[in-house]
Amino acid sequence: MPERARAIDHVRTADGRLLRVECTGDPRGRPVFLLHGMPGSRVGPRPRSMFLYQRGAWLISYDRPGYGGSDRRPGRRVVDVVQDVTDVADALDVDRFAVAGRSGGAPHALACAALLPHRVTRAAAMVGLAPRDAEGLDWFEGMAPSNVSEFRRAGRDPEGFAARLIPRSAAIRSDPARLLDELRGELTDADRLIVSDNGIRTGLLHNYREALRTSAYGWIDDVLALCRPWGFDPADIRVPVLLWHGELDVFTPAAHSSWLAARIPSATAVLDPSAAHFAAFSALPTVLGWLLTDPAAA
């Protein structure tokens, strides 16, 4: 891995946009893209750098368009992540890599698996969603009322949805704890315990502040992209896929991963009966171990 890769913190895309990039761990290790949640940023919770060095991993994160330090891409679809990941990988001189996505980042990880089989070694989708038009899935069953309301409004009235989210995002930007306070009534006991940990809470607050630092449009465009056709069929994925989900999740119900597992030929589903949404943070080291087991990633 070239030494210069350590110094890159911005990448210019093929269409001229800037993407803000963060790399941690061993620059000579096996590369893994970590695609953040929603709202989220490149600085979201992840294993410590020493852990990554010990595992021989180089973790690459970037702000999706509109978040943090990345330029917006209006009207983006989930599939558009593929070109951005390609541009970042090329700038870092990375040919083959694994990819993991958490929550709103999970469908984006699956897009990379579907369209970059020559570059993606393995993919993990953690606490993710199925396509909005998933046949045979009651998309909202088991989902917290706040998420049901948000997705329904976005699908029905995108402009009205954006108008409501902009002032909410501004309030969260000035006081990131506000978002956790808003969610508190819908958190399971398992999730409440996780977000009460000082280290995780501090990381989440930093993540939310950075995500919304410049505008609400990363969040807005994420929700709208998840409500529209993704631009690829998960059934076309042929690289190994791990679907990790907590069965108690009320923000992205586990039935979504079960639906995906039944359609992705190469998928292995891990459903943790005692875990919920935020347990993805504690599961990430194990998931990274799975991603790094493929010798082709070296």
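Student: Hi! What kind of model is this, and how are its residues numbered?
Tutor: Hello! The model is predicted, so local features need pLDDT of at least 70 and side-chain atom pairs count only at pLDDT 80 or more, while totals for chains, interfaces and linings use all residues. Residues are numbered from 1 along each chain as its sequence is written, and side-chain values use heavy atoms, with hydrogens and water left out.

Student: Let's start with helix α11. Which of its residues are buried?
Tutor: Helix α11 covers residues 280-291, and its buried residues are Ala 280, Phe 281, Ala 283, Leu 284, Val 287, Leu 288 and Leu 291. Buried means under 20% relative accessible area, exposed means over 50%, and partly exposed is in between (1.4 Å probe, protein chains only). Helices are DSSP runs of H or I with at least four residues, strands are runs of E with at least two, and both are numbered from the N terminus.

Student: Where do those buried residues sit around α11?
Tutor: Seen down the axis of α11, they fall within an arc of 155 degrees, so they line one face of the helix. The arc is that of the directions from the helix axis to the C-beta atoms.

Student: And what is exposed on the other side of α11?
Tutor: Ser 282 and Thr 286 are exposed there.

Student: New topic: how many salt bridges are there?
Tutor: The count comes to 16, where a salt bridge is a side-chain nitrogen of Lys or Arg within 4 Å of a carboxyl oxygen of Asp or Glu.

Student: Which residue does Asp 221 pair with?
Tutor: Asp 221 meets Arg 72 in a salt bridge, at 2.8 Å from N to O. Asp 221 lies in helix α9 (residues 217-227) and Arg 72 in the loop between β4 (57-62) and α2 (81-91), so the pair ties together parts that are 149 residues apart in sequence.

Student: Is Asp 221 buried or exposed?
Tutor: Asp 221 is buried, at 3% relative accessibility, whereas Arg 72 is partly exposed, at 35%.

Student: What about Glu 182, which partner does it have?
Tutor: Glu 182 forms a salt bridge with Arg 168, and their closest N and O atoms are 2.7 Å apart. Glu 182 is in helix α6 (residues 177-183) and Arg 168 is in helix α5 (residues 158-174), 14 residues apart.

Student: Which residues are joined into one network?
Tutor: Glu 22, Arg 42, Asp 63, Glu 210 and Arg 213 are joined by salt bridges that share partners.
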